[in-house]
Amino acid sequence: MPSIIFIHPDGCRQNVEAGEGESAMQAATRHDIGGILAECGGNAMCATCHVYVDEDWLARLPAMGDDEDALLDGAAAERQANSRLSCQIKFAAGLDGLVLSLPDRQL
Amino acid sequence: MSATSRTDSVTPERGAPAGVPSLDVDPFSTEFFEDPHAIHDILREAGPLVWLDKWNVYGVARYAEVHAVLNDPLTFCSSRGVGLSDFAKEKPWRPQSIILEADPPAHTRTRAVLSQVLSPTAMKGVREHFTAMAAAKVDELLARGSFDAVADLAEAYPLSVFPDAMGLKQEGRENLLPYASLVFNSFGPPNQLRQEAIERSAPHQAYVAAQCQRENLAPGGFGACVHARADAGDITPEEAPLLVRSLLSAGLDTTVNGIGAAVYCLARFPDQLARLRSDPTLARNAFEEAIRYESPVQTFFRTTTREVELAGHRIAEGEKVLMFLGAANRDPRRWDNPDHYDVTRRTSGHVGFGSGIHMCVGQLLARVEGEVMLAAIARKVASIEITGPVKRRYNNTLRGLESLPITISPA
């Protein structure tokens, strides 16, 4: 089963299974990754599933939408060049092993 | 109320479509408002799609189908009204909302404007003030000890922050709650609640229409921010007042009922108040869980734009489908132990704010208000005791209380 690696702010790594078509946010909440709040449930409306994407994977992700871009400006933790909303990262073939770091806060 | 399944019966006007369980419950009745949960259970267990005899509409009460309908806005549209009235057949009682009662692509543009006015960045701007006001309100209530948690807390707190944040004048604010009550009653069927609300609405409508105009909105408030988007060319000057109206319609009464629901939950579940007190950072989740548990917005309709199959049944074009948000939020197919209020529950995915493109645009504002109030309670209040009769307020869409007498003690 393909998987995603979440890295917590303390460096702890958590490997979770992700299904085809599932978003990284959905995989995270299904596995109780505490650093992902996902208040709006994946509707790109709250910026509480913010992640930093490992540089090696950034170019392989789907392009960022305008909503996501605007929401990231208001995210609680600092926005960086590799910031994304995990609800907008649909898991697909070729993303097995995707590495996402969690910010220190979502609110 | 008899809530029996009558699959084979024939109703005078239309009757249930073949194979769809028909129920004679009325989700807009006093009995339902008093206690919807037993009827929600009947609706969910009757099938994934039901027919409501009383109003000749389809209903969905399970999480999966409610979520599916909310997330297919082109098939289940909002532009024909999100109440029982079908705007293709009846004239709306007020000019149609250009966001709530609109479909893509028209909806996309107006939605983007309100999303930006109420963005996470905008919330950072109001958060500190809202927090201070919540702390002051709880201090004031602790000094009183006993009070009505509806009027003195659930209504008083949002009224102390929201109208100012909008940029409203001081005069006439007493029209805000009656106006919101009218709007949410109007989504129901032509019952007494709806008729009376509309008959008495002229002064409230006149007040709100005036407050939506640019010259009546203080600089820096959310209302002025909407008008500024007209200057930027994102909306027309004629559209701006209608979008301000949406904020005034949906921004106050909903939060009142959300905060009221949370206080009512904490009063009934002392173990959960204790849990919250032991970790005030749970305040945000405790509010969210109250929204799931009580679902202050109970129902919305959609209208089919084409023939569609849902849960194995064919629905024709032009049919109203009633979504039971409150029932979905307690569907045991989706939630473990759904009838328990649990401040540590993972609430992501509840439909108390809706889901999909019409999901509550003011959700971040509601969450800030709810969170800072519950955080103040968590830090300052040791116990909440219900001290008198709890009275329900009846509204065709909103679930909340008329009165909740409580006594609180300081931590």
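Student: What makes up the lining of the largest cavity: how many residues are nonpolar, polar and charged?

Tutor: The lining divides into 24 nonpolar, 13 polar and four charged residues. This is a predicted model, so the values are computed from predicted atoms. The lining has 41 residues in total, and Phe184(B), Ala250(B), Thr254(B), Cys360(B) and Val361(B) lie nearest the centre of the cavity. H11(B) gives the largest share, four residues.

Student: Why is it called a cavity and not a pocket?

Tutor: The word cavity is used because a 1.4 Å probe fits there but cannot get out, whereas a pocket is an open set of points. The largest cavity holds about 730 Å³ of space. The whole structure has five cavities of 30 Å³ or more.

Student: And what volume does the largest pocket have?

Tutor: The largest pocket has about 760 Å³. Its lining counts 30 residues, and the closest to the centre are Gln26(A), Thr29(A), Arg334(B), Ser348(B) and Gly349(B). Two elements give two or more residues each: helix H1 of chain A and helix H3 of chain B. The lining divides into six nonpolar, 15 polar and nine charged residues.

Student: Now single residues. Why is Thr110(B) called buried?

Tutor: Its relative accessibility is 1%. Buried means under 20%. Therefore Thr110(B) counts as buried. Thr110(B) sits in helix H4 of chain B. Beyond its sequence neighbours within four places, Thr110(B) contacts Ile98(B), Ile99(B), Ile235(B) and Leu243(B).

Student: Where is Val297(B) placed, and why does Val297(B) count as buried?

Tutor: Val297(B) is in the loop between H14 and S6 of chain B. The value for Val297(B) is 10% relative accessibility, so Val297(B) counts as buried. Leaving out residues up to four places away in sequence, Val297(B) touches Thr254(B), Leu325(B), Gly352(B), Thr397(B) and Leu398(B).

Student: How do you know that Asp331(B) and Arg333(B) form a salt bridge?

Tutor: Their closest N and O atoms are 2.8 Å apart. The cut-off is 4 Å between a side-chain nitrogen of Lys or Arg and a carboxyl oxygen of Asp or Glu. The pair passes, with Arg333(B) and Asp331(B) as partners.

Student: Are these two partners buried or partly exposed?

Tutor: Asp331(B) is at 1% relative accessibility, so Asp331(B) counts as buried. Arg333(B) is at 44%, so Arg333(B) counts as partly exposed.

Student: Which label, buried or partly exposed, goes to Asp164(B) and which to Arg173(B)?

Tutor: Asp164(B) has 42% relative accessibility and therefore counts as partly exposed. Arg173(B) has 12%, so Arg173(B) is buried. Their side chains meet in a salt bridge at 2.7 Å, N to O.

Student: How many salt bridges cross the interface of chain B and chain A?

Tutor: The rule finds three. One of the bridges in this model joins Arg367(B) and Glu39(A), with the closest N and O atoms 3.6 Å apart. Over all chains the count comes to 33.

Student: What area do chain B and chain A bury between them?

Tutor: About 1300 Å², with 48% of it on carbon and sulfur atoms. Pro120(B), Arg346(B) and Ser348(B) supply 40% of the area that chain B buries against chain A, more than any other three residues. The contact takes 17 residues from chain B and 20 residues from chain A.

Key. Residues are numbered from 1 along each chain as its sequence is written. Chains are lettered from A and ligands numbered from 1 in the order in which they are written. This is a predicted model: local features need pLDDT of at least 70, side-chain atom pairs count only at pLDDT 80 or more; totals for chains, interfaces and linings use all residues. Side-chain values use heavy atoms; hydrogens and water are left out. On a 1 Å grid over the protein atoms alone, a cavity is a set of points where a 1.4 Å probe fits but cannot get out, and a pocket is an open set with protein on both sides within 12 Å along at least five of seven lines; lining residues have an atom within 4 Å of a point. Grid points are joined across faces, edges and corners, and a volume is the space filled by probe spheres set on the points. Ala, Val, Leu, Ile, Met, Phe, Trp, Tyr, Cys and Pro count as nonpolar, Asp, Glu, Lys and Arg as charged, and the others, Gly among them, as polar. Buried means under 20% relative accessible area, exposed over 50%, partly exposed in between (1.4 Å probe, protein chains only). Contact means heavy atoms within 4.5 Å. Buried area is the accessible area (1.4 Å probe) that two parts lose on being put together, summed over both.
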